[in-house]
Every structure is written in C-alpha cells, then in structure tokens.
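This report is meant to be read with the sequence and the 3D structure in view.

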Amino acid sequence: MAFIQNQSAKIYWDEQGAGDPILLIMGLGYPSCMWYRARPKLSAGYRTIALDNRGVGQSEMPPGPYPIALMASDALAVLDAAGIENAHVYGISMGGMIAQEFTLQNPKRVRSLILGCTACGGPLAVRAKPEANQMLMSRVKMTAEQAAEAAIPFVYHPGTPREKIDEDLNIRRPWFPRSEAYSAQLQGILAWEAYSRLDQITAPTLVIHGENDLLVPPGNGELIAKRIPGAKLVLIPNAGHIYTTDKPEASHQAISDFLAAQTS
C-alpha cells in the first residue's frame, strides 16, 4: 500500500500479484476494495494496481468538482509511482469513463483497454429511465446507508441473492463516501464526454456490459464498441450494472480470454 500526491490530493493505491500490469479503476463513490471479487483471480496471473479515486476510500477529499480528466491524471500518477511504463487498463462505470480519458490522453501507456458497464457521454448516449437518474441525484441528500440501499434495484439483477448484495455492502460500508465527494465525482461525470474522440483509441478494447443494466443501459456499451475501431463487445445475460457480483464467473471468463489474447 502507498500514497502519492497529485494535484492537491493524496491518492491511495496498492498492488497485488505479479506479471503483466493491470490498472484497475473503480466507479462512482466506490472504494478500490470493491474489486474484491475480480481482483484475486486477476492477481493470480497479473500484477494488479488499484487506486481509490479522489474523495473516496483512503484518498483525500479536496474541494470538488472532480473532472474526469483530473481523476485520469490521478491514475497516471499512480502508474508512474508504481514504475510501470504501460499497462492493461480496466475501468468500471465511472472508472470506465476515467479509463477512456486516460487512454485518450496517454495512448502509449495503454496495452489494452477494458470498459465495463460504462458510457461515453455525448448526444447519442443511451439515457437511463428517469427513476434511475432521480435516484442518483437524490442520494446526495440521503445518509450513506440509505443511499446504498436506494441504489440496489438499479445496480443488481433481481435474481442476485440478497446475501451476495450484503457481501458487497459489508465491504463498502467502512468506506461509504461522504456526500461532498459523491457530488464532486458526479459533477465530473455530468460534464464529460468522449463520444467525439473514441475513434482515436487504437488500443485493443473489450467492452463488457450486463444485458439488464438499469443504471447505464447496455446500449451505451454497444455505442462505445461501434465507435472504437476493432473493439469487442460482450453482453452478459442476467446481469445488471454490477456484473462482477451478478455473474462473476461469466464476466471473469470474458476478461480472462481477452487478456490472454493480448499476451499470446
């Protein structure tokens, strides 16, 4: 575990495993420990580097907003601190937005790109239903526990057992974000777009999405895959936004196969 200083914030990062490096970037308000389902499997064959985005987990919370480009610069600072010239980059949800921006700004640092349950903004982005967007905005005024509970119908598939959801909540609970940090990250999301630039990405790219994602509809994954030259799209049946919990085996298999193809 370590910290680096970047643009007025101390950023937490750590590493697990050995091999080709993978940079892991988590989503809105979530700490890096939420990689706990996917990371052990990835760390069995790769050197995984994960960070807490500014404002959450063990990273500092400077005044917001936190533009996506700023959070991408945090990720770059972590990669530099780890002494890594280039890495596979895997981002989930907001982390996928950060991963897109990271790749656009630093193309030579990216071996391959994995974009999970994310969007690219812009005029053709597929919007969630109004109740999902209302939930995102109203969470700012809720307690951390209320906010986590309110999101459940929108981020998990209805077939996922409650005990699996509770496992996630127990991991997150010590690091539930303060409302100021959540709002600062959300402002960054709302002000960002990459749609107009995606055709500049040349890294091999996997776009992975739950077919039943209510928060970031799967049409966004389809849009990204069409815009990035040569991108591969994988839609996971019976999975919502947090496909790593809804369908951990299927999602890991798709990612493992993709990564193996990059190193073969």
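This is a predicted model: local features need pLDDT of at least 70, side-chain atom pairs count only at pLDDT 80 or more; totals for chains, interfaces and linings use all residues.

In soluble globular proteins, nonpolar side chains tend to be buried together. Here the largest nonpolar core holds 89 residues, and those with the most contacts inside this core are Leu23, Tyr90 and Phe102. Helix α2 gives the most to this core, with eight residues.

Leaving out residues up to four places away in sequence, Tyr90 touches Ile22, Leu23, Leu24, Ile25, Trp35, Leu42, Ile114, Tyr243, Thr244 and Ile255.

## The largest pocket

The largest pocket contains about 770 Å³ of space. Its lining is made up of 42 residues, and those that lie nearest the centre of the pocket are Ser93, Met97, Leu136, Leu215 and Val216. The elements that give two or more residues to this lining are α3, α4, α5 (144-155), α7 and α9 (243-246), and the largest share, four residues, comes from α4.

By residue type, the lining of the largest pocket divides into 29 nonpolar, nine polar and four charged residues.

## The enclosed cavity

Rolling a probe the size of a water molecule over the atoms shows where empty space is left. A search of the whole structure finds one cavity of 30 Å³ or more, and the largest cavity has a volume of about 80 Å³.

At least two residues of the lining are supplied by each of α1 (39-43), α9 and α10 (248-263), and α10 gives the most, with four residues. Several of these lining residues, including Leu42, Tyr243, Thr244 and Ile255, are also touched by Tyr90.

## Points of note in the backbone

Most residues other than glycine have a negative phi, and most peptide bonds are trans. The peptide bond from Gly64 to Pro65, however, is cis, with omega near 0 degrees, and Pro65 is found in the loop between β4 (47-51) and α2.

Two residues other than glycine have a positive phi: for Ser8 the value is near 75 degrees, and for Cys117 the value is near 40 degrees. Ser8 lies in the loop between β1 (2-6) and β2 (9-16), and Cys117 is found in the loop between β6 (110-116) and α4. Ser8 counts as exposed because its relative accessibility is 61%, whereas Cys117 is buried, because its relative accessible area is 1%.

## Two residues in helices

Arg227 lies in helix α8, residues 219-227, and counts as partly exposed because its relative accessibility is 23%. Not counting residues up to four places away in sequence, Arg227 touches Tyr195, Ser196, Arg197, Leu198 and Asp199. The C-alpha atoms of Arg227 and Cys120 are separated by 9.8 Å, although these residues are 107 residues apart along the chain.

Ala151 is found in helix α5, and because its relative accessibility is 7%, Ala151 counts as buried. Apart from its neighbours within four places in sequence, Ala151 is in contact with Met135 and Arg139. The C-alpha atom of Ala151 is separated by 9.0 Å from that of Leu215, a residue 64 residues apart from Ala151 along the chain, and Leu215 is one of the residues that lie nearest the centre of the largest pocket.

Technical notes: Residues are numbered from 1 along each chain as its sequence is written. Side-chain values use heavy atoms; hydrogens and water are left out. A nonpolar core is a set of buried Ala, Val, Leu, Ile, Met, Phe, Trp, Tyr and Cys residues joined through side-chain atoms within 4.5 Å. Buried means under 20% relative accessible area, exposed over 50%, partly exposed in between (1.4 Å probe, protein chains only). Contact means heavy atoms within 4.5 Å. On a 1 Å grid over the protein atoms alone, a cavity is a set of points where a 1.4 Å probe fits but cannot get out, and a pocket is an open set with protein on both sides within 12 Å along at least five of seven lines; lining residues have an atom within 4 Å of a point. Grid points are joined across faces, edges and corners, and a volume is the space filled by probe spheres set on the points. Ala, Val, Leu, Ile, Met, Phe, Trp, Tyr, Cys and Pro count as nonpolar, Asp, Glu, Lys and Arg as charged, and the others, Gly among them, as polar.
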